[in-house]
Amino acid sequence: MSSTPLLEARGIIRRFGHVEALRGADFTVHAGEIVALIGDNGAGKSTLVKILSGADQPTEGQILVDGSPVTMSSPHDARSHGIETVYQDLALAPDLDPAANLFLGREVLRPGLLGKLGVLDRRTMAQRSGEVVRTLGALIKDQHAPVSELSGGQRQSVAVVRAAMWAKRVIFMDEPTAALGVVQTRGVLDLIKRVRDQGTAVVLISHNMQQVLEIADRVEVLRLGSRVAQLDARQATVETLVAAMTSGTAQEAQS
């Protein structure tokens with residue numbers, strides 16, 4: 001693992017009027033790892049993720065990409081730094097097939113005059129999306145059907161593959177298996193591991209402690225707007241995770 005994080009937050013403060021949602025929060029993620037970001041309701045997870053994905057801006061603090069300070073004023077800025085986010089609502093176009101969804105907002109145009117007229121190069125998009133799906137081993141049974149006709153697990157896979165296709169550094173995943181059954185959950189978790197194995201860092205936001213311990217390499221814990229613990233998932237238990245979230249000290253959590 002490189003000593004320089006792919007993405008780092010230092011001393012992030014976010015105020016909403018008199019309410020301080022983040023109180024000097026820190027966060028780090030390195031290449032090729034799955035980091036679980038956990039905390040009780042109100043800990044500041046969603047606010048921190050919004051800031052690191054460009055959807056919100058900090059009141060104070062610093063964001064670094066590959067060790068260099070950056071300003072992310074929008075999700076477009078985050079994407080320009082190779083950071084993608086898979087939200088719980090997936091943000092898929094239900095009437096379009098998986099290939100069209102993978103290229104949504106990044107459509108490939110036909111060469112020459114047809115491209116200048118806005119004609120899409122559907123063959124190229126289908127070929128490239130098929131290659132990515134095969135490389136990641138995603139379970140998408142019908143790549144020609146509208147995503148509205150796919151199962152919940154397959155729709156989630158489309159969203160994950162889309163993020164992996166464009167992310168150069170980090171993917172944030174917000175409760176990616178919350179609405180899935182056992183078999184579908186297993187397929188999505190395996191897909192997330194394969195994304196990690198391709199070298200892309202994954203940040204998993206989850207309330208499922210068993211799942212966190214199964215899939216994460218590290219766990220970062222927020223409490224009352226600050227990072228209070230960084231844990232090696234291989235040495236952690238559900239009890240230590242809960243202790244970190246409730247005690248507010250890494251020392252108590254690891255003891």
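Which glycine follows helix 7, and is its phi positive or negative? Glycine 199 follows helix 7, and its phi is positive, near 105°. The model is predicted: local features need pLDDT of at least 70, side-chain atom pairs count only at pLDDT 80 or more, and totals for chains, interfaces and linings use all residues. Residues are numbered from 1 along each chain as its sequence is written, and side-chain values use heavy atoms, without hydrogens and water.

Helices (H or I, at least four residues) and strands (E, at least two) are DSSP runs, numbered from the N terminus. Helix 7 covers residues 182-197. Its 16 residues should span 22 Å at 1.5 Å a residue, taking 1.5 Å times one less than the number of residues. The end C-alpha atoms are 23 Å apart, which agrees. Its buried residues include Val188, Leu189 and Ile192. Buried means under 20% relative accessible area, exposed over 50%, partly exposed in between (1.4 Å probe, protein chains only). Strand 7 (170-174) and helix 6 (152-166) are among the elements that cover them.

Four strands form it in the order 2-1-4-5, with antiparallel pairing. Strands pair if DSSP finds at least two bridges between them. Five bridges join strand 1 to strand 4 (residues 60-65). Arginine 10 stands opposite glutamine 62 in strand 4.

Arginine 14 lies in strand 1 (residues 7-16). Why does arginine 14 count as buried? Because its relative accessible area is 16%. Its side chain joins that of aspartate 56 in a polar contact of 3.0 Å. A polar contact is a pair of N or O atoms within 3.5 Å; within protein, one must be able to donate a hydrogen and the other to accept it, and residues adjacent in sequence count only if both atoms are side-chain atoms.

Methods:
Contact = heavy atoms within 4.5 Å.
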